[in-house]
Amino acid sequence: MKMKIVYSEINNIDLSALVTLITRLDHRGLLLAPAGDEHYKLLGYISLNLNNAKIVELGTHNGTSSTALSINISNHVRTYDIRDMYSVREQPNNVTRVIGNIFDLNEQHHLLEADFIFLDTAHTGDFEMQVYEYLRDNKYNGFIIFDDILWSDEMINFWDKIPNDIKYDITSIGHGKGLGPRGNVSGTGLVDFSGNIELIRNI
Ligand SMILES: C[S@@+](CC[C@H](N)C(=O)[O-])C[C@H]1O[C@@H](n2cnc3c(N)ncnc32)[C@H](O)[C@@H]1O
């Protein structure tokens, strides 16, 4: 299934209908923040451009990103966290939450079944590499977004190791704001195992 990510369209995504679900007031602001500052509009855009898809998220935290991903009710979002910090007012019907590390739970097959994976965990580089190698070695055929690829030296080293022909730095439409070793930027990276993603960088 071919999918175009058209840069000029990301900021048209309106997540305001989801805002009252978010109990953390600061996260309400994040959900509505422009693409390039925060990644939530990008997640909403991707979900709206997939249909009847399986989405796996690693790193639920308070539930802000899984709520953005839930915007298209034809998709199912399966989200993992090693701690239960979920604070969404009413869990969307198309979100399933799981507590634990997906590998420790022996549930990693869900990664291979996903059309799209969003990974935003502890940013130490090792878990990111474990997921990347698992997908590569098992011939995963979807795409994955790694949040915070510029957040730490470990994340920068991890990102440097991903082959150039399948990786794209999409920070300008993702998570730009932050504080990392390369300045005021967190960084968002897309790895396309499917070969089906076309980036239209028209802004
Ligand atoms: C930066 S927060 C995620 C933020 C969330 N994705 C959002 O944008 O709203 C990182 C989360 O990853 C969780 N985490 C750390 N290691 C993990 C792992 N191996 N699997 C799943 N979650 C993990 C932490 O407990 C924390 O809640």
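Q: Leaving aside its neighbours within four places in sequence, what is serine 47 in contact with?
A: In this predicted model, and with neighbours within four places in sequence left aside, serine 47 is in contact with Ile55, Leu69, Ile71, Asn72 and Asn75.

Q: Is serine 47 buried or exposed?
A: Serine 47 is buried, because 24 other C-beta atoms lie within 10 Å, and a residue counts as buried when there are 20 or more of them.

Q: Which helix does serine 47 lie in?
A: Serine 47 lies in helix 2, and eight of the nine residues of that helix are buried, so helix 2 is largely enclosed by the rest of the structure.

Q: Which residues of helix 2 are the buried ones, and what covers them?
A: The buried residues of helix 2 are Tyr40, Lys41, Leu42, Leu43, Gly44, Tyr45, Ile46 and Ser47, and what covers them includes helix 1 (25-32), strand 2 (54-58), helix 3 and strand 5.

Q: OK, now the core: how many residues does the largest nonpolar core have?
A: The largest nonpolar core has 48 residues, and those with the most contacts inside it are Ala68, Leu111, Ile117 and Ile144. The largest share of this core, five residues, comes from helix 2 (residues 40-48). As a general point, nonpolar side chains tend to be buried together in soluble globular proteins.

Q: What does leucine 111 touch, again leaving aside neighbours within four places in sequence?
A: With those neighbours left aside, leucine 111 is in contact with Val56, Ile102, Ile117, Val131, Tyr134, Leu135 and Tyr140.

Q: And how far apart are serine 47 and leucine 111?
A: Serine 47 and leucine 111 are 64 residues apart in sequence, while in space the separation is 16 Å, taken from C-alpha to C-alpha.

Q: What unit do strand 5, helix 5 and strand 6 make?
A: Strand 5, helix 5 and strand 6 make a right-handed β-α-β unit.

Q: What about histidine 123, where is its place?
A: Histidine 123 is in the loop between strand 5 (116-119) and helix 5 (126-137), and its phi is near 60°, a positive value in a residue other than glycine. Most residues other than glycine have a negative phi.

Q: Last topic: which residues come nearest to the ligand?
A: Of the 15 residues around the ligand, Gly59, His61, Thr64, Ser65 and Asp120 come nearest, and the elements that give two or more residues to this shell are helix 3 (64-69) and strand 3 (76-81). The residues of the shell divide into six nonpolar, six polar and three charged.

Key
Residues are numbered from 1 along each chain as its sequence is written. This is a predicted model: local features need pLDDT of at least 70, side-chain atom pairs count only at pLDDT 80 or more; totals for chains, interfaces and linings use all residues. A residue is near a molecule or strand if its C-beta atom, placed from the backbone, lies within 6 Å of it. Helices (H or I, at least four residues) and strands (E, at least two) are DSSP runs, numbered from the N terminus. Ala, Val, Leu, Ile, Met, Phe, Trp, Tyr, Cys and Pro count as nonpolar, Asp, Glu, Lys and Arg as charged, and the others, Gly among them, as polar. A nonpolar core is a set of buried Ala, Val, Leu, Ile, Met, Phe, Trp, Tyr and Cys residues joined through C-beta atoms within 7 Å. A residue is buried if 20 or more other C-beta atoms lie within 10 Å of its own, exposed if 12 or fewer, and partly exposed in between; C-beta atoms are placed from the backbone. Two residues are in contact if their C-beta atoms, placed from the backbone, lie within 7 Å. A crossover is right-handed if, with the strands pointing away from the viewer, the path from the first strand over the helix to the second runs clockwise.
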